Amino acid sequence: MWLKQCRSREDTSTFTNVVIASQLSTTLPIATIKMNDKQEVLSILTNSIEEGSVDNVTHLQRKLKDRHISLIALAGIIGPGILVGASLALSNGPASLIIGFGIIGIIAFTMMQSLGELATMYPTGGTFLTIGNRFVDRAWGGVVGWNYVIIWVAVLANEYNTVAAIMQFWGPQVPLYGYVLMFWVVFLAFQFLGVEAFGEAEFWLALTKIVGIVGFYIFSIVYVSGGISGTPAFGFRYWNDPGAFNGGFRGVALTFVFASTFYSGTEIVAVSAAEAANPARAIPRAIRQTIWRILVIYMGIAITYGMTVPYNDESLSAGTKVLKSPMTIAIARAGWEGGANLINAFILVTCISAINSSIYIGSRTIVNLAVEGAAPKILRRVNKKGVPYCAVILMNLFGLLSLMNISTGAAKAYNYIVNISGVAVFIVWGNVCFYHLRFRKAWVLQGRLIEDIPYRGLWFPYLPWLGIFLNTFLALIQGWSFFKPFDAPNFVVAYILLPFFIVLFIFFKLLHKTKWVKLEEVDLDEGRRL
């Protein structure tokens, strides 16, 4: 939706706010509004977009309610990575886990502040692509958009991998690929029910995940305090024996890669903006929840895992085909062997939610790539329910990369997938902060008032610059552990996306004959909802 605002101040304390909508079936009202009554301006704009209306660019339907977006932002993308894959991160030591989660949490917070400002102003659903096209270069935006797809291809493949491993825990007679193929068909069918079904399912699955994680926190406190019969209080004993670190800086560097993958999905509110019934209200609210997600979910997990499981526990070994969750290990160490079934059931719920979300995020990003000419046009097609069926099918096909675990084993396959997605996260997040700087500069160059930005990221420009620095630094050092001893396969996997970015940028540059955007010439009103 493209909006243009014309404002003229008069001698009285009022101004005329004239809103003209193009490419819409309805015309927005013209109102004379008191200068201080900003809430009425917001009401006029947001009420003109009815729930279930269609985005005129992507043709996606706006059926996600505020409660859907809030719960999805808080817990929707919490998946098997943080519950199962964290076993590999914990093997580097509890202190490494907290440092890794903490630093990546800071980076996520800086990125979300930039993203909140951009996605509220331009709720296209393809922020990583469309904002890059507008404020940097069309070729640049295309490359960042494809890197974002790569994140979700990697995450989706890992989630199919995990759900098959969990199912084999109960039914080992069925091969891994059998479970992958069965779930593949089920998830494809569910995506065709439409975004409203997706939002409702994710709302209740997110609530289930929050309850489950809080339940584990309560168990952990009781367990380490000696509240379980036959187990004396031991507090943070595992920080001393076997220790807080395993592998020194190498272990910490490895944890950064895992943590970045676990945090991916924090930015889902920007993707869902194109299908939000009221993005002007829902997105800022969801952005403000980021700090609670970081503290309650990620840091809480890092602390409780480190308290309840020593890093040298044999069950954390990456050599086993079925990856074990620290939750399962902690309950088994507490003496409840049957608890493994309960935890695996909980992990299965998170797998269902995470696979569902991964297909959703990846397919919507592909739609925006197709709209912007960075992907084949056929991928932008939608059905009567507003489902981009070609993009959904393609994204789900990428999930079949999980079948690589047949030959490499689940643990090794997981390592390869994490290394690829980890650096993609740093590339995308760093560029969001870069986009924010470019947007603000264009806004000021064209004589706009900062006060007119509906949602302003905190501590500008310090947070965006911090985000760019940290993401660049971690993208360069995340494969440091593979230098000595030199591990060629993992080294290539860890750094392949950096030259890929350059090559794809040159390709798009030559294909579209793009030019670096002049900020003083950017149309700041095209695509605005406010």
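Reply: A polar atom of the Asn-471 side chain lies 2.7 Å from the backbone oxygen of Gly-467, a polar contact (N or O atoms within 3.5 Å, one able to donate a hydrogen and the other to accept it; residues adjacent in sequence count only through side-chain atoms on both sides). This is a predicted model in which local features need pLDDT of at least 70 and side-chain atom pairs pLDDT 80 or more, while totals for chains, interfaces and linings use all residues. Residues are numbered from 1 along each chain, and side-chain values use heavy atoms, without hydrogens or water.

Asn-471 sits in helix α18, residues 462-477 (helices are DSSP runs of H or I, at least four residues, numbered from the N terminus). With a relative accessible area of 1%, Asn-471 is buried (buried is under 20%, exposed over 50%, partly exposed in between; 1.4 Å probe, protein chains only). Beyond its neighbours within four places in sequence, Asn-471 is in contact with Ile-107, Val-425, Phe-426, Trp-429 and Gly-430 (contact: heavy atoms within 4.5 Å).

One of these partners, Trp-429, is among the residues that touch the most other members of the largest nonpolar core, which has 151 residues (buried Ala, Val, Leu, Ile, Met, Phe, Trp, Tyr and Cys joined through side-chain atoms within 4.5 Å). Helix α6, residues 138-170, gives the largest share of that core, 17 residues.

Leu-466 lies in α18 and is partly exposed, at 34% relative accessible area. Together with Ile-106, Phe-469 and Phe-473, Leu-466 makes a nonpolar surface patch of about 380 Å², and α18 supplies its largest share, three residues. Such a patch joins nonpolar side chains within 5 Å, from residues with over 30% relative accessible area and no salt bridge; areas come from the Shrake-Rupley method with a 1.4 Å probe.

Arg-440 forms a salt bridge with Glu-117, the closest N and O atoms being 2.6 Å apart (a Lys or Arg side-chain nitrogen within 4 Å of an Asp or Glu carboxyl oxygen).

Arg-448, in the loop between α17 and α18, is linked to Asp-525, in the segment after α20, 77 residues apart. Their salt bridge has an N to O distance of 3.1 Å. Arg-448 is partly exposed at 26%, whereas Asp-525 is buried at 12%.

Definitions and conventions. Helices (H or I, at least four residues) and strands (E, at least two) are DSSP runs, numbered from the N terminus. Patches are made of residues with over 30% relative accessible area and no salt bridge: like charges are joined within 9 Å, nonpolar side chains (Val, Leu, Ile, Met, Phe, Trp, Tyr) within 5 Å.
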